[in-house]
Amino acid sequence: MNQKILKLENLRRFHTICRQLHSLYQRRMLAQWRHVFSSAYLVWTAQLYSQPWQTDALIRTALSQRRLLVTKKEKKSQKSQLSSTKSKKEVEVWIGMTVEELARVMEKDIDCVYESLLNTAVDIDSLEAHSHLDEVWIKEVIKKSGMKLKWSKLKQDKVRENKDAVKRPQADPALLIPRSPVVTIMGHVDHGKTTLLDKLRKTQVAAMEAGGITQHIGAFLVSLPSGEKITFLDTPGHAAFSAMRARGAQVTDIIILVVAADDGVMKQTVESIQHAKDAQVPIVLAINKCDKAEADPEKVKKELLAYDVVCEDYGGDVQAVHVSALTGDNMMALAEATIALAEMLELKADPTGPVEGTVIESFTDKGRGPVTTAIIQRGTLRKGSILVAGKSWAKVRLMFDENDKVINEACPSMPVGIIGWRDFPSAGDEILEVESEPRAREVVHWRKYEQEQEKNKEDLELIEEKRKEHQEAHRKAREKYGTLHWKERSFIKYKIKKQQQPLKPKEKAGGDSNVLPIIIKGDVDGSVEAILNIMDTYDASHECELELVHFGVGDISENDVNLAETFHGVIYGFNVNAGNVIQQSAAKKGVKIKLHKIIYRLIEDLQEELSSRLPGIVEEHTIGEASVLATFSITEGKKKVPVAGCRVQKGQLEKQKKFKLIRNGHVIWKGSLISLKHHKDDISVIKTGMDCGLSLDEEKIEFKVGDDIVCYEEKEVLAKTSWDPGF
């Protein structure tokens with residue numbers, strides 16, 4: 001401030017300042033008083049100039065006002081600097097936001113974002129309004145725009161209250177009462193599990209199974225002569241049903257491991273042992289087919305030692321019972337061993353309060369809608385109860401047992417069929433009873449919302465991963481093209497773009513032949529799950545793409561046919577029906593419907609269909625072989641044509657077929673003959689042991705003594721898919 005005052009007081013500028021102040025004052029006075037004192041203006045001006053003391057006073061006043069003005073300006077500039085640091089606009093941002101979103105929250109134009117990213121590593125040319133920005137570039141834009149960054153907490157603010165239904169706390173021991181054991185029968189395919197259960201139930205279950213193979217879990221309550229009750233779960237032994245066996249192990253108290261005495265420990269036997277260990281469930285060993293002459297129970301026991309299944313005979317705690325499911329030998333001994341183990345486990349349950357259970361299977365029944373088979377684990381299920389399982393809920397309209405007999409209530413350990421579901425619960429879902437229908441809807445909505453949030457999270461992670469891959473590819477492309485001239489760069493980009501042009505309709509039709517869209521329909525949820533698990537092992541996409549369009553439970557419908565027509569797909573049905581009307585509609589629309597009752601037949605059919613989509617393989621079949629004994633040339637017109645003198649060693653040479661010339665084990669030519677002669681006669685076929693002369697359709701090929709000439713024909717054979725589902 002002192003420097004400014006000194007400048008103002010500088011004598012060299014004194015007169016100039018006086019003149020400026022005088023003229024300013026004069027203009028202001030003229031503007032105010034022109035209409036009143038216009039006639040006296042000249043006189044007033046003369047008086048003003050004639051009084052120098054007035055001018056001095058005016059200058060002093062101006063200087064004081066100047067000092068005051070400068071002081072105020074300095075204070076104001078200091079305040080403005082402080083306020084600018086304090087009043088930086090706060091911008092709320094989030095990870096993965098786009099250029100457009102960033103510009104919107106900043107209340108700026110998109111060009112402002114582009115300008116802020118100039119002279120950075122970001123490729124502005126490839127940046128679009130919908131392009132996602134890295135965290136680093138978001139910070140850079142905010143910094144250059146003079147704003148303050150704040151990471152969004154919107155997702156935390158929007159977290160909804162957990163409305164899920166949960167299990168009750170552990171029951172008071174005083175409320176617990178003894179319950180029947182839940183026993184799962186497990187083992188390798190065709191070791192007699194269902195026949196064994198059939199003897200215990202005294203019904204013909206095995207005769208109902210397609211091919212004698214159990215296709216889904218059956219839950220049965222068996223009453224023994226002693227009055228004891230056992231709930232049996234008969235799991236499939238086929239390799240395809242691994243998930244069902246695991247599920248059966250999770251809801252059971254005891255596992256009866258069935259091993260054939262004449263077959264020993266097999267792949268699914270080992271898998272069943274592993275399921276039992278994972279679920280920490282005790283095992284009772286049933287060595288079946290002991291009535292056969294080749295049966296060797298001791299061999300089975302020794303083989304099981306390798307898998308830590310030690311029978312009582314060898315100092316372990318696993319009971320082993322020699323049985324014959326076919327003749328019924330020792331069936332009661334097996335049941336008694338199971339009951340004895342159950343008594344040692346002291347199995348108890350709480351029959352009061354809301355119901356808890358597990359879905360074993362779900363399927364569609366005509367006239368009944370979605371039906372589930374469930375095991376009740378706590379509480380007592382009654383008609384009218386409101387249940388939730390997975391993302392479905394039910395008001396129980398009807399309950400029935402394994403004999404399709406209507407029952408009024410189901411106690412713990414009891415298998416029961418439940419009707420009244422609004423949608424299909426998945427096999428293995430936990431069943432919980434809630435107080436009302438609105439509460440059931442609330443639980444289902446929450447679970448769907450939770451699943452959606454989880455999916456969104458996975459999608460965001462996938463998008464982020466793809467974006468990083470794209471950026472890395474773009475960076476490499478820039479490095480690749482960075483040293484090239486712009487003309488060369490443009491030409492390379494043009495070639496790449498030309499290669500990426502969409503296919504013509506004819507080419508598209510040819511390309512689609514290597515895609516097999518399929519629709520899967522099954523009788524129960526577990527069967528569909530097993531088929532989908534097998535499809536997950538498909539590893540031959542390089543040959544033919546396997547595309548799952550739709551899957552579901554129930555008979556084949558018109559919607560399935562329409563969907564298959566749209567995608568040019570095939571419908572596979574497992575233990576389901578397709579009515580005459582549906583089959584006629586499918587035939588009219590050119591849709592294949594393939595129905596099967598045995599799972600491995602369905603998979604074999606699928607393999608054949610995949611193989612039919614593959615291009616044929618051309619195989620060479622040798623017709624005859626000849627060796628070159630001499631070489632010479634003949635003149636035809638002005639050309640010299642090389643000729644090989646040959647003797648047929650095997651088969652015959654046919655002029656119309658294809659030939660190849662082999663030298664030192666390497667094929668050096670393939671093509672056809674222009675002449676084949678025996679002595680001087682042109683012939684079409686020459687047989688074993690005969691001599692001949694031949695010339696090729698390519699003049700540049702020179703023969704050498706010792707060369708082999710092979711006559712062959714090409715045949716196209718069907719290719720076979722390399723996919724091996726494992727059984």
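Two strands count as paired if DSSP finds at least two bridges between them. Strands (E, at least two residues) and helices (H or I, at least four) are DSSP runs, numbered from the N terminus. The model is predicted, so local features need pLDDT of at least 70 and side-chain atom pairs count only at pLDDT 80 or more, while totals for chains, interfaces and linings use all residues. Residues are numbered from 1 along each chain as its sequence is written, and side-chain values use heavy atoms, with hydrogens and water left out.

**View 1**
Strand β11 (residues 356-365) and strand β12 (residues 369-378) run antiparallel and are joined by 9 bridges. To find your place along the pair, look for Phe363, which stands opposite Val371 in β12. Angles here run from 0 to 180 degrees between N-to-C directions, and axes are lines fitted to C-alpha atoms, for helices over the stretch in contact.

Ala349 is found in strand β10 (residues 348-349). Is Ala349 buried or exposed? Its relative accessibility is 6%, so Ala349 counts as buried; the cut-offs are under 20% relative accessible area for buried, over 50% for exposed, and partly exposed in between, using a 1.4 Å probe and protein chains only. Ala349 and Leu176 sit 5.1 Å apart in space, C-alpha to C-alpha, although 173 residues apart in sequence. Leaving aside neighbours within four places in sequence, the contacts of Ala349 (heavy atoms within 4.5 Å) are Leu175, Leu176, Ile177, Arg179, Gln377 and Pro412.

Strand β21 (residues 570-574) pairs with β22 in the parallel sense over 5 bridges, and Ile571 stands opposite Ile593 in β22.

**View 2. Two helix pairs.**
Helix α17 (residues 525-535) and helix α20 (residues 599-612) have axes that come within 11 Å and cross at roughly 40°. That makes α17 oblique to α20. Which residues of α17 and α20 make the contact? They are Ala530, Ile531 and Ile534 of α17, and Ile599, Leu602 and Ile603 of α20. The crossing of α17 past α20 is right-handed; a crossing gets that label if the near helix is turned clockwise from the far one by less than a right angle, and is left-handed if anticlockwise. In the second pair, the axes of helix α18 (residues 558-567) and helix α19 (residues 580-589) come within 10 Å and cross at roughly 10°. That makes α18 roughly parallel to α19. For these labels, angles under 35 degrees count as roughly parallel, over 145 as roughly antiparallel, 65 to 115 as roughly perpendicular and the rest as oblique. Glu558, Val561, Asn562 and Glu565 in α18 meet Ile582, Ser585, Ala586 and Lys589 in α19.

**View 3. Strand β25 and its two partners.**
Strand β25 (residues 658-663) is mostly covered, with 5 of its 6 residues buried. It is joined to strand β31 (residues 708-717) by 5 antiparallel bridges, and the bridge partner of Ile662 in β31 is Asp708. Another 5 bridges join β25 to strand β26 (residues 666-671), which also runs antiparallel to it. Phe659 stands opposite Gly671 in β26. The hairpin of β25 and β26 has 2 residues between the strands, and Asn664 takes a positive phi near 55° there.

Cys692 is buried, with a relative accessible area of 6%, whereas Cys411 is partly exposed at 32%.
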